[in-house]
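Please consider the following model and the questions posed about its architecture.

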Amino acid sequence: MSKGPISNFISKYYLHFNAAALVDAAKGYEQQLQDGAKMLVSLAGAMSTAELGKIFAEMIRQDKVHIISCTGANLEEDLMNLVAHSHYKRVPNYRDLTPQEEWDLLEKGLNRVTDTCIPEEEAFRRLQKHIHQLWKDAEKAGKRYFPHEFMYQMLLSGVLEEYYEIDLKDSWMYAAAEKNLPIVCPGWEDSTMGNIFASYVLKGELKASTVKSGIEYMTFLADWYTANSGKGIGFFQIGGGIAGDFPICVVPMLYQDMERTDTPFWSYFCQISDSTTSYGSYSGAVPNEKITWGKLGIDTPKFIIESDATIVAPLIFAYLLDM
C-alpha cells in the first residue's frame, strides 16, 4: 500500500537529529514486520490519558502489535476515558496552579495528570463496582486471572456499555480484548485498581492470590517469548519505567538463569524518551548499554528518539499505518 500524506511529510522533512531518528525507527519497525518478526510495545506514563488509543487501537487491529507491556495506570485509564470522557477537565494553565488550586481540584474529585484531570466518581468508581464483582465471582469459583484478563472480561461482558462516551474504536483496550492480545502488566498493584484490590484484601473481603502476580506475568512472558521468537521479536518502548524494564529482562533471564543459550536477543529496539542520558538512569541509558546485560545483540537495530512520546508515537504509528 502506498504511503499517505503524513508518512510522506515526515519522509520529506524529518531529515536530521531526532526527526531523522523517528523516520529511521519507523522504517526499522516496518522492516521487522515485513520480515515476519513480532513486536512488543511498552506503554509507560499516562499514554492512555493522552488518548494514544485513537491511533494505537488501529495498530492492534491491523496486527502491527503482538504483545503489550504496560503499567496498571495505562491499563485502567483507557477504560476510564471510555466511560467518563465528558467528565474529564482540561487545565491548560497547569504550570501556574497554586497549591490551593491543586487542593480545590482534589476536593472536586479531579485527579490531575499534567493538563488533564480524571474524574474520580465517574471514572474510578464506575469501574470499581463492576470489577469488584468479577473479583468476587472468580474467588468464589476458585479461579485466578491476570489483571488485564479481569479487564478484558469486564469489557467483553457489556456491563460498561451504558457509560460509553467515546467511539469504541478509539479504545486500545477494547481492540486488544477483541483479539485477546497478550499483555503483561508489571507492578499492577501501584495502580488505582490495584490499590482498590489491596483495600479489599486488607478488609478480609478478597484473597491476594485471586489476582495473578508479577512473577506469573514473567513466567507467562518467558513462555510466550520462547514460542514466538522464531523470526524475531522487536521491542518498541514508549517512555521508561517498569513497563519497559520488566519485559526486556526476559531474554537474559532465559539465556543466563534458565541456561537456554539458544534464546535469541530482541531483534529490534527503539525507545522514545525524554530522560537525561546520565546519572545511572535506566530510562536514559543508551541502547548499547543493553548489550552488556544480554538483552540486545551487536547487530540489533537500535534507535532512541529523545522527544515527547505524545508527539512521536502517533507519527510513527501513522507511518506504519500508511497514513
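This is a predicted model: local features need pLDDT of at least 70, side-chain atom pairs count only at pLDDT 80 or more; totals for chains, interfaces and linings use all residues.

Residues are numbered from 1 along each chain as its sequence is written, and side-chain values use heavy atoms, with hydrogens and water left out.

Q: In what order do the six strands of the open sheet lie?
A: Helices (H or I, at least four residues) and strands (E, at least two) are DSSP runs numbered from the N terminus, and two strands pair if DSSP finds at least two bridges between them. The pairing in this open sheet is parallel, and the order of its six strands is E6-E2-E1-E7-E8-E9.

Q: Why is one side of strand E6 and of strand E9 left without a neighbour in the sheet?
A: E6 (183–184) and E9 (302–306) stand at the edges of the sheet. One side of each is therefore left without a neighbour, since each has a single partner strand.

Q: What angle does the direction of helix H13 make with that of E7?
A: H13 (residues 309–320) packs on the sheet and touches E7, E8 (268–273) and E9; contact means heavy atoms within 4.5 Å. Axes are lines fitted to C-alpha atoms, for helices over the stretch in contact, and angles run from 0 to 180 degrees between N-to-C directions. The angle between H13 and E7 is about 145 degrees.

Q: Which residue of E7 is the bridge partner of Met 39?
A: Strand E1 (residues 38–43) and strand E7 (residues 233–238) run parallel and are joined by six bridges. In E7, the partner of Met 39 is Gly 234.

Q: Is Gln 237 buried or exposed, and what is its relative accessible area?
A: Gln 237 lies in strand E7. Leaving aside neighbours within four places in sequence, its contacts are Ser 42, Gly 244, Phe 269, Cys 270, Gln 271 and Ile 272. Buried means under 20% relative accessible area, exposed over 50% and partly exposed in between (1.4 Å probe, protein chains only). Gln 237 is buried, with a value of 2%.

Q: Which residues lie nearest the centre of the largest pocket?
A: A pocket is an open set of points on a 1 Å grid over the protein atoms alone, where a 1.4 Å probe fits, with protein on both sides within 12 Å along at least five of seven lines; lining residues have an atom within 4 Å of a point. The lining of the largest pocket includes at least two residues from each of E8 and H13. Of its 22 lining residues, those nearest the centre are Ala 46, Met 47, Asp 308, Ala 309 and Thr 310.

Q: How far apart in space are Asp 223 and Asp 308?
A: Asp 223 is placed in helix H10 (residues 214–228) and counts as exposed at 52% relative accessibility. Asp 223 and Asp 308 are 85 residues apart in sequence, and their C-alpha to C-alpha distance is 33 Å.

Q: Which residue in the turn of the E4 and E5 hairpin has a positive phi?
A: E4 (110–113) and E5 (116–119) pair in the antiparallel sense over four bridges. Two residues stand between them in the hairpin. The turn residue with a positive phi, of about 55 degrees, is Thr 114.

Q: Which side chain is joined to that of Asp 115 by a polar contact of 3.0 Å?
A: Asp 115 is found in the loop between E4 and E5. A polar contact is a pair of N or O atoms within 3.5 Å; within protein, one must be able to donate a hydrogen and the other to accept it, and residues adjacent in sequence count only if both atoms are side-chain atoms. The side chain of Asp 115 has a polar contact of 2.8 Å with that of Thr 116, and the partner at 3.0 Å is Arg 90.

Q: Which residue of E5 stands opposite Lys 89?
A: Strand E3 (residues 89–90) pairs with E5 in the antiparallel sense over two bridges. Thr 116 and Ile 118 point one way from E5, with Cys 117 and Pro 119 pointing the other way, and all are buried. The residue opposite Lys 89 is Cys 117.

Q: Which residues of helix H12 are buried?
A: What covers the buried residues of H12 includes H10 and helix H11 (242–248). In H12 (residues 250–257), the buried residues are Val 250, Val 251, Pro 252 and Leu 254.
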